[in-house]
Amino acid sequence: MSQTSPAASPDDPPAPRFRARHALLKRLADVVCLPSSRVNAFERSVTADLLIEILREASTEERQRVSRRLSSLVEVPAQLARLLMRDEPEVARPLLTECETLSDADLVDCVRLSGPDHRLMIAARKAVSEVVVEALVASGEVAVMEAVVGNRDAKIGHASLEALVAVTRDAPQLVGPLLRRPELRPAQAYVLFWWADAEARKTILQRFAVSREILQDAAGDIFPMAAQEGWQDPLSRKALQFIERRQRNRAAIEKSPFTSLEAAVAAAQHGMTREVAEEISYLSGLKPMTGAKLFTDPGGEPLAILCKATGLPRAALRALWRGLRRPETDETGAPSPAYERTLLIYDMLAVDRAQTVLRYWNWSLSSALTPDLLKAIRDGDEDAIDEYSLPQRAAMLAFSKEFGRN
C-alpha cells in the first residue's frame with residue numbers, strides 16, 4: 001500500500017500474479033459482505049483482520065477491487081475501512097465517493113491523515129455532516145473549501161461558515177458560491193460585503209438587507225420604558241438603537257457647527273475633511289470609525305446606503321461623491337461605472353433595509369472595538385475567536401487590514 005510499499009522502478013520485473021491470492025481476496029471480501037443473518041460480528045471481524053493482513057502487501061489493482069466490493073456495503077468493518085480510505089487515491093475512491101455508511105469519525109480521521117485528493121473526494125460526497133465539513137475547512141485548502149461550498153448536500157455549521165467568510169478575503173472565488181448557501185446569515189454577509197466585488201455586493205443587499213418591522217412592532221412599547229429609566233441600561237439601549245426607526249441623531253445637531261445633516265453634506269462637496277466626515281457621522285447616528293470605513297471604501301456602495309438610510313436625496317449622494325474627489329465620468333466622458341453602480345444601489349434599497357445594514361455596521365464596527373479586541377486584531381489572534389461576540393468577530397474581520405494585519 002502507499003504507506004508501506006516501496007515505489008516501483010521501471011526496471012523492476014512485473015509483480016507475479018497468484019491465482020490463489022486473487023481467489024482468496026475475493027472470498028474473504030465476500031465473507032465480509034455477507035448479511036448479519038449469515039455471519040456474526042465476531043466472524044466478520046476475524047475475516048476483516050485476515051483480509052487486512054493480505055491487503056497490506058497486495059497490489060494496487062487487488063486493493064482497488066476489494067475497495068469497490070466494499071463500497072456498496074451497509075456496514076464496513078471499521079479497521080478495514082480506515083485502511084482502504086487512507087490508501088492511494090485510486091484505491092480509496094470507491095469507498096470515499098460511493099460508500100454512504102462510513103462513519104463521521106472515520107471520515108474525519110481520513111481528512112486529517114490523508115492527502116488533498118482524499119479531502120476533495122470527501123468534500124464531494126453525497127452527504128457531508130457538519131463535523132466532517134469542519135475538519136475539511138480546517139485543512140486550509142481553498143480547492144477543498146470550494147468543493148464543500150459547492151456541495152448542496154454538505155451541512156455547513158456556524159463555525160465553518162465564519163472560517164469560510166474569513167477565507168474569502170484572500171480567495172474571492174469562494175464568495176459567489178458562499179452567497180448561495182442557505183446557511184449564510186445576514187451578519188456574516190454584512191462582513192463579507194467589505195471585500196466582495198460589485199456584483200456580490202448587490203447580491204448581499206438584495207438578499208440580506210432585511211426589514212426591522214417585526215422587531216419594531218415587538219419592541220414598540222419598550223422605548224417609553226427605557227426612556228423612563230433614563231436609558232441607563234447599556235444593553236437594552238444598544239439593542240433599541242438598532243431597532244428604532246429614526247436614523248439621524250437629533251441630539252448631535254445641538255453640538256454641531258452645522259444646522260443639519262444636509263448642511264454638513266453640502267460643505268463636504270467642496271472637499272471632505274476629517275472634521276466634516278466626523279460631523280456627518282455623528283449627525284447620521286454613526287460613530288466616526290464607522291463613518292471612516294464608509295467614506296474610504298473604494299466601491300462607493302456604502303455611500304448609497306448611508307444616504308438612503310438617513311433620508312438624503314440623490315443630490316446629496318453626488319455631493320459626497322464629489323467631496324471625496326471621485327470621478328463621475330471616465331476618460332471618454334461616459335458615466336463612471338462605479339458611480340452608476342452606487343446610484344443603482346441607492347435606487348434599489350428601501351430606507352428601512354438600508355438602515356438595517358448601516359446599523360449593523362455601526363454596531364459591529366465601532367461599539368465592539370474594545371481595547372482587548374483591538375490588540376487581538378493587531379496580533380492576528382483568530383485562535384481565540386470563540387471568546388468574542390458576533391459583532392466583535394465582525395469587527396475583527398472587517399478591520400484586519402486597517403490595523404496592520406496582513
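1. A residue is taken as buried when its relative accessible area is under 20%, and as exposed when that area is over 50%. Cysteine 307 has a relative accessibility of 0% and therefore counts as buried. Cysteine 99, at 1% relative accessibility, is likewise classed as buried.

2. The protein chain has an average pLDDT of 84, and 83% of the residues score at least 70. Over residues 2-10, however, the pLDDT is below 50, and this stretch makes 8 contacts in the model beyond near neighbours in sequence. Where pLDDT is low, the predicted coordinates should not be read in detail.

3. Tryptophan 231 has a phi near 55°, a positive value in a residue other than glycine. With a relative accessibility of 33%, tryptophan 231 is partly exposed, because this value falls between the cut-offs of 20% and 50%.

4. Arginine 325 belongs to the loop between helix 22 (314-323) and helix 23 (337-348). The relative accessible area of arginine 325 is 58%, so the residue counts as exposed, the cut-off being over 50%.

5. At what angle do helix 21 and helix 23 cross? The axes of helix 21 (residues 301-309) and helix 23 cross at roughly 30° and come within 8 Å. The crossing of these two helices is right-handed. On the helix 21 side, the contact is formed by Glu301, Ala304, Ile305, Cys307 and Lys308. Helix 23 contributes Arg341, Thr342, Ile345, Tyr346 and Asp347. By class, the residues of this contact comprise 5 nonpolar, 1 polar and 4 charged.

6. How many disulfides does the structure contain? A search of the whole structure finds 0. A disulfide is a covalent bond between the sulfur atoms of two cysteines. Cysteine 307, buried at 0% relative accessibility, takes part in the contact of helix 21 with helix 23.

Key: Residues are numbered from 1 along each chain as its sequence is written. This is a predicted model: local features need pLDDT of at least 70, side-chain atom pairs count only at pLDDT 80 or more; totals for chains, interfaces and linings use all residues. Side-chain values use heavy atoms; hydrogens and water are left out. pLDDT is the predictor's confidence in each residue, from 0 to 100. Contact means heavy atoms within 4.5 Å. Buried means under 20% relative accessible area, exposed over 50%, partly exposed in between (1.4 Å probe, protein chains only). Helices (H or I, at least four residues) and strands (E, at least two) are DSSP runs, numbered from the N terminus. Axes are lines fitted to C-alpha atoms, for helices over the stretch in contact, and angles run from 0 to 180 degrees between N-to-C directions. A crossing is left-handed if the near helix is turned anticlockwise from the far one by less than a right angle, and right-handed if clockwise. Ala, Val, Leu, Ile, Met, Phe, Trp, Tyr, Cys and Pro count as nonpolar, Asp, Glu, Lys and Arg as charged, and the others, Gly among them, as polar. A disulfide is a pair of cysteine sulfur atoms within 2.5 Å.
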